[in-house]
Amino acid sequence: MKVLQTIVIVVFVVIVVLLGVALLMPAEFSVEDSAVIPAPPDSLYARFASPRTWARWSSWTDRRDPTLVYGYAGPDSGVGAVMTWTSAKMGSGRFEIAEARPVSLVRYELRMAGGAVAIHGRVALAPEAGGTRVTWRDTGSLGQNPIARLLYPLLSRQMHGAYEESFAGLRRDLAGS
């Protein structure tokens, strides 16, 4: 009986400590990565400004989940271009180009179904020796959910991996053009 009581107390203390740590973590997240892609800014801009091209090169494709189905609305490219998706693994969501400055910047809003996750993305393009420096940044809120805050380091690692996979996809797509 004494052992069971000790285990319950230890578990309770661990939970309280984890919740305390989670509440001290920031509610906002920001993840950024960059790479030099061997292509001119206008070629990269065309790929980022059109949601219809993302399935060719981004890490979020049907290679990851064969149930992924895309839909499109609005213009093909630029402000107001929309991509929606449904997926058994990744859920459903909506991606919309919010700002598009030719050959230099694309800003987007990504919202998962139910509004639980909202990401504000920004891709900046700058000419550099050997090609174009692509700086990709996503920001958003983790809200008051302590579990989401505790999982932020994992989210950050996954997003950096997704950026690297997308940069590699861009290189492959450009080589195939």
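Guide: Gladly. Let us begin with one term: a residue is buried when its relative accessible area is under 20%, exposed when over 50%, and partly exposed in between. By that rule, Asp173 and Arg47 are both buried. Keep in mind that this is a predicted model.

Visitor: What makes Asp173 and Arg47 a salt bridge?

Guide: The cut-off is a side-chain nitrogen of Lys or Arg within 4 Å of a carboxyl oxygen of Asp or Glu. For Asp173 and Arg47 the N to O distance is 2.6 Å, so the pair qualifies. Asp173 belongs to helix H5 and Arg47 to helix H2, so this bridge ties together parts that are 126 residues apart in sequence.

Visitor: How many salt bridges does the structure hold?

Guide: There are 9. Among them, Glu99 meets Arg101 at 2.8 Å, N to O, and Arg107 meets Glu99 at 2.8 Å, N to O. Through shared partners, Glu99, Arg101, Arg107 and Glu109 are joined into one network.

Visitor: What, then, joins the side chains of Asp33 and His160?

Guide: A polar contact of 3.3 Å. The limit for that term is within 3.5 Å, so the pair passes. Asp33 lies in strand E1, residues 28-37, and touches residues including Val134, Trp136, Tyr163 and Phe167.

Visitor: What makes helix H2 mostly covered?

Guide: Of its 9 residues, 41-49, 7 are buried. These are Pro41, Ser43, Leu44, Tyr45, Arg47, Phe48 and Ala49.

Visitor: Why are E1 and E2 said to stand at the edges of the sheet?

Guide: The open sheet has 7 strands in the order E1-E7-E6-E5-E4-E3-E2, with antiparallel pairing. E1 and E2 (69-73) each have a single partner strand, so one side of each is left without a neighbour in the sheet. On average, neighbouring strands are turned by 20° against each other, direction ignored.

Visitor: How do you know that E5 and E6 pair?

Guide: Pairing takes at least two bridges, and E5 (residues 105-112) and E6 (residues 118-128) have 7, so they pair, running antiparallel. Leu105 stands opposite Ala124 in E6. Helix H2 packs on this sheet, touching E1, E4, E5, E6 and E7, and its direction makes about 165° with that of E6. Helix H5 (residues 152-176) also packs on the sheet, touching E1 and E7, with a direction about 25° from that of E1.

Visitor: What makes E3 a partner of both E2 and E4?

Guide: The threshold is again at least two bridges. E2 and E3 (residues 82-86) have 5 and run antiparallel, with Tyr70 opposite Trp85. E3 and E4 have 4, also antiparallel, and Thr84 has Arg94 as its bridge partner in E4. E3 and E4 form a hairpin with 6 residues between them, and Gly91 in the turn has a positive phi of about 80°.

Key
Residues are numbered from 1 along each chain as its sequence is written. This is a predicted model: local features need pLDDT of at least 70, side-chain atom pairs count only at pLDDT 80 or more; totals for chains, interfaces and linings use all residues. Side-chain values use heavy atoms; hydrogens and water are left out. A polar contact is a pair of N or O atoms within 3.5 Å; within protein, one must be able to donate a hydrogen and the other to accept it, and residues adjacent in sequence count only if both atoms are side-chain atoms. Contact means heavy atoms within 4.5 Å. Buried means under 20% relative accessible area, exposed over 50%, partly exposed in between (1.4 Å probe, protein chains only). Axes are lines fitted to C-alpha atoms, for helices over the stretch in contact, and angles run from 0 to 180 degrees between N-to-C directions. Lists of a residue's contacts leave out its neighbours within four places in sequence.
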